[in-house]
Amino acid sequence: MIAVVVGGGTMGAGIAHLLLAGGHEVVLAESGADRVTAARDAVARSLAKAAERGKIDRSPESLLAALTVVDRLAAVPAELVIEAVPEDAALKHAVLAEAANACPDAILASNTSSLSITRLAAGLPAERVLGLHFFNPVPVQPLVELVRHPGVAPETVATARTWVEGLGKTVIEVNDAPGFATSRLGVAVGLEAIRLLAEGVASAEDIDTGMRLGYGWPMGPLRLTDLVGLDVRLAIAEHLAAELGDRFTPPDLLREKVARGELGRKTGQGFFTW
C-alpha cells in the first residue's frame, strides 16, 4: 500500500521511517531540492540508527528502495496522506487541500498536536479528514492520538486505526478539542514545571527527578520540553491560552529563553545543556 507524507522534518522523517518499516511504499513531499535531499538523508539516518539497535529486520537500503522523495505532490494512488508541516493552520489547510486533489481516495490526516481538526477540514472532503498525532521520536514512541471531528466518516476512523495499529502503535481516540487530550495535559504540567523553576522552588534537575521517581514519568517535564522544543511548546501554549484561557498563559521564563534562542536539544541549550 502507498502512503504519502508531506513535510520531511523531524516528525515527517520519523513517520516515513515508520511506514517504510511497516512494509509500505512511501512518497515523501518537501519543497525545494535542498529540502528533498535533507529529508531523504534524515530518513536514511533514522533507519540506520534503528538497524544499529536491532529494531528493524531488513536492511536500511532495502527499506529506502520503497521511498520516493519529491519536491511537489502530484497525483498518487495513495490510501493515506499524513501532513507533518509546521504548526501553522493556514499552511496545514493548504497542504491538505492539495493532497485532497492529488490523492482523491486517500484518508487525509494531520499530525498537528493542538490545532482544530474541524477547522482544518473546512472546505475539504471532511469525511476523509482526521488527526493522527504522532509523538517524537516517532519510531520509538508507542502512542498515536486519533482525533475525530463531527464530519469525519466512521469508516475513515476505522481504516486509520487499522493503518496505525498495523504499524505497531497503540491508538487512543479523542474528540476534537483544543490541545486534544495529550497536548493539553502535557503542556499544563510542563508550564507549571517552568513556573516552579522560575519561582526558585527547585532546580530543573530536581523537578524532573521528582516527576520521574515520584510519578513514574520516563522523562521529566522540563527535559521533555527541551526535546519537543521550547519554541514549539510556546506556540502550543499561546494557542491553548487563546482557546481555553489564562491557565495556559506561557511563563515569562519560557518566552525569555525562546527570545534568546535557547530552544532545547536542537540548539544545544534549553532548561538543560545538551
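Author: Start with the layout. The centres of domain 1 and domain 2 lie 27 Å apart, taken over C-alpha atoms. This is a predicted model. The domain assignment puts residues 2-175 in domain 1 and residues 181-264 in domain 2.

Now the interface. Eleven residues of domain 1 contact seven residues of domain 2. Between them, domain 1 and domain 2 bury about 700 Å². Carbon and sulfur atoms give 51% of that area. On the domain 1 side, Ser113, Ser114 and Arg119 lose the most area to domain 2. Together these three account for 44% of what that side buries.

Arg119 also takes part in a charged pair. Its side chain meets that of Glu243 in a salt bridge, 2.9 Å from N to O. Across the interface of domain 1 and domain 2, one salt bridge is found. Polar contacts between the two domains come to six residue pairs. Strand 7 (143-148) and strand 8 (170-175) each supply at least two residues of the domain 1 side that touches domain 2. By class, that side of domain 1 has five nonpolar, four polar and two charged residues.

Next, the charged pairs in the model. Side chains of opposite charge can pair when their charged atoms come close. The count of salt bridges is twelve. One of them joins Arg161 and Glu173, at 3.0 Å from N to O. Arg161 sits in helix 6 (residues 154-166) and Glu173 in strand 8, so this pair links distant parts of the chain, twelve residues apart. Arg161 has 25% relative accessibility, so it counts as partly exposed. Glu173 is partly exposed too, at 29%.

Arg195 and Glu192 both lie in helix 7 (residues 182-198), three residues apart, about one turn of the helix. Their side chains form a salt bridge of 3.0 Å, N to O. Glu192 is partly exposed, with a relative accessible area of 40%.

Then there is Glu262. It forms a salt bridge with Arg260, the closest N and O atoms being 3.1 Å apart. Glu262 has a relative accessible area of 18%, so it counts as buried, under the 20% cut-off. Elsewhere, salt bridges that share partners join Arg148, Arg161, Glu165 and Glu173 into one network.

Last, a serine in domain 1. Ser110 is found in strand 5 (residues 107-110). At 1% relative accessibility, Ser110 is buried. Its side chain makes a polar contact of 2.4 Å with that of Glu83. Ser110 also touches other residues, including Lys92, Leu96, Ile117 and His133.

Note on methods. Residues numbered from 1 in each chain as written. Predicted model: local features only at pLDDT ≥ 70, side-chain atom pairs only at ≥ 80, totals over all residues. Heavy atoms only, no water. Domains from an automatic or database assignment. Contact = heavy atoms within 4.5 Å. Buried area = accessible area lost by both parts, 1.4 Å probe. Salt bridge = Lys/Arg side-chain N within 4 Å of Asp/Glu carboxyl O. Polar contact = N/O pair within 3.5 Å; in protein donor to acceptor, adjacent residues only side chain to side chain. Helix = DSSP H or I, 4+ residues; strand = E, 2+ residues; numbered from the N terminus. Nonpolar A, V, L, I, M, F, W, Y, C, P; charged D, E, K, R; others polar. Buried < 20%, exposed > 50% of the residue type's maximum accessible area, 1.4 Å probe, protein only. Lists of a residue's contacts leave out its neighbours within four places in sequence.
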